[in-house]
Amino acid sequence: MSATALKEKLLCSKNQAAEQIAAIKALPELNQEALFFHLRNYLKSRFLLEEEDCRSENLQELAAISLAKTLAVSPAELKGLDLSQTCTGSSSVFSKKVLLLMALERELNISIPEQESVRIKTITDLTTAVLTKLR
């Protein structure tokens, strides 16, 4: 992929994610189903995923698929290639999930405490946490 094509893809992804945040803020009534829909689409945009990549709703798995696509390897190969293991043991996949949560907090003006964020494993968990904070 050329640098221009990559730049265009990233800009499109950023705009799509912003549209999902705007849609969440514009919801006339906050409910689990609508919020799940928009958060899932937000995640797809932020992680540069296609619909067929999202068979799971597990955030770690989706982050791994995203990272594997970026590196052009299979998710299975990624486990042995994750070179950014830090002394704290955090992987690139874990960091991707944390960055997603931080972006959501910033864009929705909410705060999810660390103890709570650790328990967020799926898009449903994320939806429940965000719904609680937005209410």
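In which helix is S13 found?

**View 1. S13 in helix 1 of the predicted model.** The structure shown here and in the views that follow is a predicted model. S13 is found in helix 1, which spans residues 3-25. With a relative accessibility of 9%, S13 counts as buried, because the cut-off for that class is under 20% relative accessible area. When residues up to four places away in sequence are not counted, S13 touches S45, R46 and L48.

**View 2. The crossing of helix 2 and helix 5.** Helix 2 (residues 32-46) and helix 5 (residues 92-108) have axes that come within 11 Å and cross at roughly 120 degrees. The two helices are therefore oblique to each other, since angles of 65 to 115 degrees would count as roughly perpendicular and those over 145 as roughly antiparallel. Their crossing is right-handed. On the side of helix 2 the contact is made by L39, Y42, L43 and R46, and on the side of helix 5 by L100, A103, L104 and E107. Sorted by class, the residues of this contact comprise six nonpolar, no polar and two charged.

**View 3. The crossing of helix 3 and helix 5.** The axes of helix 3 and helix 5 come within 9 Å, and the angle at which they cross is roughly 110 degrees, so these helices are roughly perpendicular to each other. Helix 3 passes helix 5 in a right-handed crossing. Helix 3 contributes L59, Q60, A63, A64, S66 and L67 to the contact, while helix 5 contributes S92, V93, F94, K96 and K97. The contact of helix 3 with helix 5 has six nonpolar residues, three polar residues and two charged residues.

**View 4. Helix 7 and what covers its buried residues.** Helix 7, made up of the twelve residues 123-134, reaches 16 Å from its first C-alpha to its last, which is close to the 16 Å expected at 1.5 Å a residue. Its buried residues are I123, L126, T127, A129, V130 and L131. What covers these buried residues includes helix 2, helix 3 (59-71), helix 5 and helix 6 (114-118).

View 5. V130 has its place in helix 7 and counts as buried, at 1% relative accessibility. Leaving aside residues up to four places away in sequence, V130 touches L35, L39, L108 and I110. Although V130 and N41 are 89 residues apart along the chain, their C-alpha atoms are separated by 15 Å. T128 also lies in helix 7, but with a relative accessible area of 39% T128 is partly exposed. From C-alpha to C-alpha, T128 and E114 are 15 Å apart in space, and they are 14 residues apart in sequence.

View 6. A72 is not a glycine, yet it has a positive phi of about 60 degrees. The place of A72 is in the loop between helix 3 and helix 4 (75-81), where A72 counts as exposed, at 70% relative accessibility. N109, which is likewise not a glycine, has a positive phi of about 55 degrees. N109 lies in the loop between helix 5 and helix 6 and is exposed, with a relative accessible area of 73%.

Key: Residues are numbered from 1 along each chain as its sequence is written. This is a predicted model: local features need pLDDT of at least 70, side-chain atom pairs count only at pLDDT 80 or more; totals for chains, interfaces and linings use all residues. Side-chain values use heavy atoms; hydrogens and water are left out. Axes are lines fitted to C-alpha atoms, for helices over the stretch in contact, and angles run from 0 to 180 degrees between N-to-C directions. Helices (H or I, at least four residues) and strands (E, at least two) are DSSP runs, numbered from the N terminus. Angles under 35 degrees count as roughly parallel, over 145 as roughly antiparallel, 65 to 115 as roughly perpendicular and the rest as oblique. A crossing is left-handed if the near helix is turned anticlockwise from the far one by less than a right angle, and right-handed if clockwise. Contact means heavy atoms within 4.5 Å. Ala, Val, Leu, Ile, Met, Phe, Trp, Tyr, Cys and Pro count as nonpolar, Asp, Glu, Lys and Arg as charged, and the others, Gly among them, as polar. The expected span of a helix is 1.5 Å times one less than its number of residues. Buried means under 20% relative accessible area, exposed over 50%, partly exposed in between (1.4 Å probe, protein chains only).
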